[in-house]
Amino acid sequence: MQKSVRYNEGHALYLSVAARKDGSKRGYLSKKSTENSRWTEKYFALYQNLLFYFENEQSARPSGIYLMEGCTCERTPAPKVSAVGKEPMEKQQHYFLVLFGHDGQKPLELRSEEELDCNDWVECIQQASYSDIIIEREILMQKYIHLVQILETEKIAANQLRTQLEDQDTEIERLKSEIIMLNKTKEKMLPYQNNHEEEDPDIKKIKKVQSFLRGWLCRRKWKIIVQDYICSPHAESMRKRNQIVFNMVEAETEYVHQLSILVNCFLRPLRMAASSKKPPISHDDVSSIFLNSETIMFLHEIFHQGLKARIANWPTLVLADLFDILLPMLNIYQEFVRNHQYSLQVLANCKQNRDFDKLLKQYESNAACEARMLETFLTYPMFQIPRYIITLHELLAHTPHEHVERKSLEFAKSKLEELSKMMHDEVSDTENIRKNLAIERMIVEGCDILLDTSQTFVRQGSLIQLPSSSERGMLSKVRLGSLSLRKEGERQCFLFTKHFLICTRTSGGKLHLLKLGGSLSLIECTLIEEIDASDEDCKHLFVYFTVHLEFKIILEPPDGQSFSVVLLAPSRQEKAAWTSDISQCIDNIRCNGLMTSVFEENSKVSVPHMIKSDARLHKDDVDICFSKTLNSCKVPQIRYASVERLLERLTDLRFLSIDFLNTFLHTYRIFTTAAVVIDKLVDIYKKPFTSIPVRSLELFFATSQGAWGTDPLNNKSPRLCRKFSSPPPISIPPRTSSPVHCRKLSLSSPISVKVGVLDLSTTPSSSAANSPTSSHSPSISSPPPCSSRLPSEPGDLSPCRSPSTPRHLRYRQSGAENSRCNMSPASAFAIATAAAGHSSSQGFNNSEKSCDKEFIIRRAATNRVLNVLRHWVSKHSQDFEMNSELKMGVINLLEEVLRDPDLLPQERKAATNILSALSQEEQDDAQLRIEDILQMAESPKAECFEALSAMEMAEQITLLDYIVFRSIPYEEFLGQGWMKMDKSERTPYIMKTSQHFNDMSNLVASQIMSHMDVGSRAGSIEKWLAVADICRCLNNYNGVLEITSALNRSAIFRLKKTWTKVCKQTKALMDRLQKIVSSEGRFKNLRETLKNCNPPCVPYLGMYLTDLAFIEEGTPNFTEEGLVNFSKMRMISHIIREIRQFQQAPYRIEHQPKVTQFLMDKTLVMDEDTLYELSLKIEPRVPPG
């Protein structure tokens, strides 16, 4: 095998002699050495396309040879030399650079003493590179190819003409034979024609003129008819209809291709793997994962072939018969949708097998999959039926009422809508399950609780875990206040409806659950929002963290020692959002457990008896329609409802679903006003009995014995101050392993089973632990051995837990002074309900029962009003900033609540916190605002592009993009205001975000085009792509798209010479970045990336605006009966929640004014026309042929 290239030294010496004698250019030049960067004087001789250099003019052998073919030579400015290292020079030197076209060859740097000599050398080397010959050769080659194409075209035309001549010869022979026959017939008729007089020539001329005019008028009339039809709405509608059909065929082609990848790349290979000797998966699991996807593929292949056959008959496009054939077969989608959740669960379980996971990753690495996971392909059939409905809706919009297919298409649309409604109940949890599975895959140890289908994702973000009191001895004061604590204590937190996960992130990006407190069951947790300075776990930290951003979660497991977790939020808004969501989840779990424990029959029915008995919660009516999907409170979700029924669900005292509350508060302004909502809350507080449906009140106090049968509306107590005797302790069986297992409450007395009198005084005076949002740590001790009366010392009372706590309630001796005001509504509700089911009712008369019921209803109504207001104020504060009347109404309501003498301590504290949050000014001075950014554009530029590093620019671009993205209020996402004529008034911040995107993209393009030499432009492109890659690492995908869109502009993309200087690694990087932010498949790659990334993050806003526009255009806000389409509101709220999740996770990037001033400097920006003109000037168009 040849290892080196043979070199003919004799031939080279001969050429060097010829160069010295007959060279086109000879003389002394200074050459820069590549080893030590020193300049040495050599004798150079240029001969044809070879450049020889010698030690001196008398040297016989050359020192080196350069092949100049394909190179470029250009003058370069003299390098800057420091004052210290500058050597005295006699004359000014003139530099020029020779760049070789092939890789691996370093450029040759030369200089001469005379400028004229330098210019001669540059010109001679440019001629020796044969660049003009190469260009001329390319032009000649193009001409040659053009002539060859013309020749081939002429040959084809000659063959066609030859064929036409042959056909014409045949036609001529046929016509000759016909003429002969006609002549014979004419000869026979000639005797009869001689008798007629010949027609007058003038008459013949008149007839010819009349015939011409008739033809001209007919042609003109038809031309007018055709032109009128082309411009008519019917023709325009038909054109749009045809375009919809063409798009439908393209979408169906893509869908069939996706199904074929699912079957050929995953299903069939896994079937073969299941039949192997050591199968990584069983045949049953394969069937459970893929369901009937192969049958769906066969069905759509047939449908696709029918569509292509219809396209072949264009312009006659008849589609109704195809849908008539397709509709009866689409029921197979019901099986797929019904089992889709189970399919994803089986797939997640199979991935725990290493062999299967390795095999699946091998299949997913197939080029046909385009880096998409199996879960993505399994989700595609879920959206096909809605896509057909939208297509038929658009077709009908452009199909005339008298069209032959109108009725058939309407029938097909109605059938598809019926099928979609049946499937909608199976689809609602798909996105949530995919999110849970994505998080479960990110955790190295895995997390089985995320495989529970009732586990709903709420929010995620970064929090700092502060060290507990046991660890404070290991930390020095310096470390506590330093940044190292923030880095070491940073945790990735995930909140679900039943659990709270705390993870650490390794340098590789993987997540690990904390060994202690990594997975917190919310049913065993107590949340403390405002930590006292006397708290043992936190008093040593108040010296260093005085901004009150911390909150505490106390976990009391039934089979272990209790411990606490103290977390620090990055801002007040973040703390309010986290505590509000955690509190709501805890309230929902305990309320659900309370209903299950108290009202459920002795059966295995999962829905509480109270909800089963109330048909208004699950049965369709004229003003409400339910789906089969249950929400977080195990109540059917609302599909359509009137505004009154939605407000009724908002104020239902039995439960409050967090997903319903989020959806309602995000979208209420679409179907009602804030004044109506606040009026409803005022009514529920002031008149709880008249505002709550009678059936709900009856079921709220439902009993098996009917002991409390008195109507609460007729018995009201003027003063709720009745004393109660001590209650029997409540015992609860221990919690089972199932997270959704129903718990029972039983009643027993340590003294006598005949005791039926209830005393609510055993509830604590410091009722912090009763409420999931209390401000004190619970203290729990064992009950007294035997006592019917309690001591009267106040302040010794220990708080008790909620009745839904999964272990025995324990009491400590306490005072009984006005104890009802110290009781939590959950405890009062549990005890009262348990007593109602007791066989003995002695000790109560009717007025006392009514008094107790009224007290519980008022406390529950107050708790509900405060819960809604707290969620509203903490998560939607801009509603109150823009509406002063709403703000004053809420303040007046809270002040009235605080004047209630029977207000419980935790209710008083909650009302005070809401009132203070409303009253205080926005404390956001430490954060940069969008107004500050706009002012920076007016400041002078501090630095140039070359002086800034890629890291600095990427961080500041990310900071600016986040500030602009964060400033968008969520109400601008409603109603497609960004697509209206007055969009600048309706959605000013969305417009500012769009303008900022365009300004940054223009800046990138303008900065690249400002360089006139090829090397500088290529270096600028490489630097901007490095900035884009750092933006990707910072999860700033908006910044990635800003830079890649600038590089894809025609003014830059056409610069072929510049792109040839960009290295291959940079081009590959650009391809990867473009693939991530590509709009293909509705940004499918970007969506997958966002699901797997952790905030902070700046997504591309246009993706969400497209989704919102898709929802708005495809689904009306109200039904034909005038009901609110709450399913649509839920979809809109899901998108807004995802946007706000990214808005509320701030970046910890220090602001650098010198960089932001450069990025916001509009003097550097050129418009599109100027950029293209400059591009043509830099690289003119190659003249054609």
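This report describes a strand sheet, a surface patch and several salt bridges of a predicted model.

## Basis of the description

Because the model is predicted, local features need pLDDT of at least 70 and side-chain atom pairs count only at pLDDT 80 or more, while totals for chains, interfaces and linings use all residues. Residues are numbered from 1 along each chain as its sequence is written, and side-chain values use heavy atoms, with hydrogens and water left out.

## The seven-stranded sheet

Seven strands form an open sheet in the order β4-β3-β2-β1-β7-β6-β5, with antiparallel pairing; strands are DSSP runs of E with at least two residues, helices are runs of H or I with at least four, and both are numbered from the N terminus. Two strands pair if DSSP finds at least two bridges between them. The edge strands, each pairing on one side only, are β4 (64–67) and β5 (72–76).

Strand β6 (residues 94–99) pairs with β7 in the antiparallel sense over five bridges, and leucine 97 stands opposite glutamate 109 in β7. Arginine 111 also lies in strand β7 (residues 108–112) and is buried, with a relative accessible area of 14%, where buried means under 20%, exposed over 50% and partly exposed in between, using a 1.4 Å probe and protein chains only.

## Salt bridges

A salt bridge places a side-chain nitrogen of Lys or Arg within 4 Å of a carboxyl oxygen of Asp or Glu, and by this rule the count comes to 26. In one of them, glutamate 236 is joined to arginine 239, with the closest N and O atoms 2.6 Å apart. Glutamate 236 and arginine 239 are separated by about one helical turn because they are three residues apart in helix α5 (residues 233–274). Glutamate 236 is partly exposed at 34% relative accessible area, and arginine 239 is partly exposed at 40%.

Another salt bridge joins arginine 645 to aspartate 623, the closest N and O atoms being 3.0 Å apart. This pair links distant parts of the chain, 22 residues apart, with arginine 645 in helix α20 (residues 643–650) and aspartate 623 in the loop between α19 (609–613) and β16 (624–630). Arginine 645 is buried at 6% relative accessible area, whereas aspartate 623 is partly exposed at 22%.

## A linked network

Glu370, Arg372, Glu1080 and Lys1084 are linked in a network of salt bridges. Within this group, arginine 372 and glutamate 370 form a salt bridge whose closest N and O atoms are 3.6 Å apart; arginine 372 counts as buried at 4% relative accessibility, while glutamate 370 counts as partly exposed at 31%.
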